[in-house]
Amino acid sequence: IMGLHITSRWMHPVITQEALVLNEALTTTSSQPNIVFILADDLGWNHVSWHNSRVISPHMQELVNMGVSLENSYIQPLCTPSRAALLTGMYPFHLGRQSGVIRPWHPTGVSVNFTFFPELLQGLGYSTHAIG
């Protein structure tokens with residue numbers, strides 16, 4: 001994928017779809033596309049306007065209309081496993097983050113021995129930011 005090296009540990013369904021979208025975007029445009037991942041805790045399938053016409057979410061709907069919506073992906077039941085999976089491309093049980101939530105007073109996280117997805121994007125010249 002144009003400078004993005006995906007090793008065997010990255011070949012998990014959690015990140016494969018994102019990597020394919022990135023590959024398509026990089027090969028079909030002359031400049032790098034903006035990439036925005038939105039991870040919303042406790043957001044159900046039917047809680048957004050593109051799945052439920054009774055929900056009004058015009059700003060999110062506009063992002064979906066203008067971009068790419070990943071509709072087939074694996075989710076986790078809690079925020080910590082979800083975020084660990086999104087950032088590393090690995091199933092949370094490979095990271096020791098399959099259950100529970102990391103609380104502010106817990107001096108732990110994902111090992112720095114893993115390459116995070118934003119680091120790969122930085123290697124492609126992207127400026128990355130996390131909010132929230």
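**Exercise 1. Secondary structure**

Task: State how many helices and strands the protein has, and the order of its elements from the N terminus on.

Solution. Step 1: the protein has 4 helices and 0 strands. Step 2: from the N terminus on, the order reads α-α-α-α. The model examined here is predicted.

**Exercise 2. The protein as a whole**

Task: Find what percentage of the residues count as buried, what the accessible surface comes to, and what percentage of the contacts between residues at least 6 apart in sequence join residues at least 24 apart.

Solution. Step 1: the protein has 132 residues, and 25% of them count as buried. Step 2: its accessible surface comes to about 9300 Å². Carbon and sulfur atoms account for 57% of that surface. Step 3: take the contacts between residues at least 6 apart in sequence; 54% of these join residues at least 24 apart.

**Exercise 3. Helix H3**

Task: Identify the buried residues of H3, then describe the surroundings of threonine 80 and serine 82.

Solution. Step 1: helix H3 covers residues 79–88. Its buried residues are Thr80, Pro81, Ser82, Ala84, Ala85 and Thr88.

Step 1: threonine 80 belongs to this helix. Its relative accessibility is 10%, and buried means under 20%, so threonine 80 counts as buried. Apart from neighbours within four places in sequence, threonine 80 is in contact with Arg97, Gly100, Val101 and Ile102.

Step 2: serine 82 also lies in H3. With 14% relative accessibility, serine 82 counts as buried. Again leaving aside neighbours within four places in sequence, the contacts of serine 82 are Leu39 and Gln76.

Step 3: just after H3 comes glycine 89, which takes a positive phi of about 80°.

**Exercise 4. Aromatic pairs**

Task: Count the aromatic pairs, classify the pair of phenylalanine 37 and phenylalanine 117, and classify the pair of tyrosine 91 and phenylalanine 93.

Solution. Step 1: the count is 2 aromatic pairs.

Step 1: phenylalanine 37 and phenylalanine 117 have their ring centres 5.7 Å apart, with 70° between the planes. Planes over 60 degrees apart count as edge-to-face, and this pair is edge-to-face.

Step 2: phenylalanine 37 sits in the loop between H1 and H2, while phenylalanine 117 is in helix H4 (residues 117–123). The two are 80 residues apart, and the pair links distant parts of the chain. Phenylalanine 37 is partly exposed at 34% relative accessible area, whereas phenylalanine 117 is buried at 5%.

Step 3: the rings of tyrosine 91 and phenylalanine 93 have centres 5.8 Å apart and planes at 5°, so this pair is stacked. Phenylalanine 93 is exposed, with a relative accessible area of 55%.

**Exercise 5. Glycine 125**

Solution. Step 1: glycine 125 is in the segment after H4.

Terms used: Residues are numbered from 1 along each chain as its sequence is written. This is a predicted model: local features need pLDDT of at least 70, side-chain atom pairs count only at pLDDT 80 or more; totals for chains, interfaces and linings use all residues. Side-chain values use heavy atoms; hydrogens and water are left out. Buried means under 20% relative accessible area, exposed over 50%, partly exposed in between (1.4 Å probe, protein chains only). Contact means heavy atoms within 4.5 Å. Accessible areas come from the Shrake-Rupley method with a 1.4 Å probe; for residues, only the protein chains shown count as cover. Rings of Phe, Tyr and Trp (its six-membered ring) pair if their centres lie within 6.5 Å; planes under 30 degrees apart count as stacked, over 60 as edge-to-face and the rest as tilted.
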